[in-house]
Amino acid sequence: MHELLRFEPLYQERVWGGRSLESALGRTLPGKKPIGEAWEIVDRPEAQSVVKGGRNAGKTLRQLIESHAADLMGPGWDKKKPFPILVKWLDCRERLSLQVHPPANIAPQLKGEPKTETWYIADTQPGASLLVGLKKGVTREQFEQALKDNTLEPLVHRFPVAEGDSILVHSGQIHAIDAGNLILEIQQNSDTTYRVYDWGRVGLDGKPRQLHVKESLASIKWDDFEPAPVRAAPTSGVIADCDEFRIRRVVLDPGESLHFEAGEQPRILSVVTGELHGPGKNVLERGENAVLPYAGAFTFKAQVASLVLVTENFSGQAE
């Protein structure tokens, strides 16, 4: 388990999705329906990443952890424990629902999973925004009344975004993604989402989508006001750092290299722009995500100006 792992994407139809993954990332999408999500790296009972290429081609991420837990994740990793990160591309042709994920202290009683996530804006239409957190001073009572009155939008913190911006969204933060954003989402391994408001929209079946108002109200952090995004920058640096993971933005000029030693920790490498040439004639193009196992050493060279995200500190191996 010394080679990098690339996976076949799992495409998900969504009422708010589109076909931008074809034009933006050069993907071939199934059918002609709106594709909202591409699950790039996932280890869940209902969804499994399958390795493409290399000696492990055709194996699932779960199979690799069960057979090579220490090599992949580091010493002491329980082979029954799932890969802790889920990576997705989101094509938000339309606005997503206003939603929340339950905090860790609330999730068990709601029979859900906490989900802290980072959104990296890879592309955006002029005027596109994100909605994260409450406007300063908004109370639960005001929120509940606005929900009844269908006047909720002015109470949520909305801000414009541009390519290269990002924001860390913690469990318990109310949020929605506005229309016109192509986003790389790196998150805890969870699929618990409580919709509190859906802008009067109907689903793919023509019926209003299910809301989870009671669960949402129990999950929202009512003192979370107006969180700030990390704005795009031409330099390397940390863009997200929380208990669940750390994400570094790495900017590489043509010919520059990026190296990772064996035995440090497992990592995820995501190419946002450009192209990297790695070991074993592996070429990582824009939009690709790869797992770098604990036991492997890896050197990547940028062929053109490139921007990559390195996700780490999710395995308990980092000092």
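Buried means under 20% relative accessible area, exposed over 50%, and partly exposed in between. The exercises below apply this to salt bridges in a predicted model.

**Exercise 1.** Is Glu-312 buried or exposed, and which residue does the side chain of Glu-312 meet in a salt bridge?

Solution.
- Glu-312 has a relative accessibility of 1%, so Glu-312 counts as buried.
- The side chain of Glu-312 meets that of Arg-246 in a salt bridge, at 2.8 Å from N to O.
- Arg-246 belongs to strand E17 (residues 246–252) and Glu-312 to strand E24 (residues 306–312), so the bridge ties together parts 66 residues apart in sequence.
- Arg-246 has a relative accessible area of 24% and is therefore partly exposed.

**Exercise 2.** Where do Arg-95 and Asp-178 lie in the chain?

Solution.
- Arg-95 and Asp-178 form a salt bridge, with 3.0 Å between the closest N and O atoms.
- Arg-95 is in the loop between strand E7 (85–92) and strand E8 (98–100), while Asp-178 is in the loop between strand E13 (175–177) and strand E14 (181–188).
- These distant parts of the chain are 83 residues apart.
- Arg-95 is buried because its relative accessibility is 14%.
- Asp-178 is buried because its relative accessibility is 6%.

**Exercise 3.** Which residues are linked with Arg-14 in a network of salt bridges?

Solution.
- A salt bridge needs a side-chain nitrogen of Lys or Arg within 4 Å of a carboxyl oxygen of Asp or Glu.
- By this rule the model has 27 salt bridges.
- The network links Arg-14 with Glu-37, Lys-88, Lys-115, Glu-117 and Glu-185.

Note on methods
Residues numbered from 1 in each chain as written. Predicted model: local features only at pLDDT ≥ 70, side-chain atom pairs only at ≥ 80, totals over all residues. Heavy atoms only, no water. Helix = DSSP H or I, 4+ residues; strand = E, 2+ residues; numbered from the N terminus. Buried < 20%, exposed > 50% of the residue type's maximum accessible area, 1.4 Å probe, protein only.
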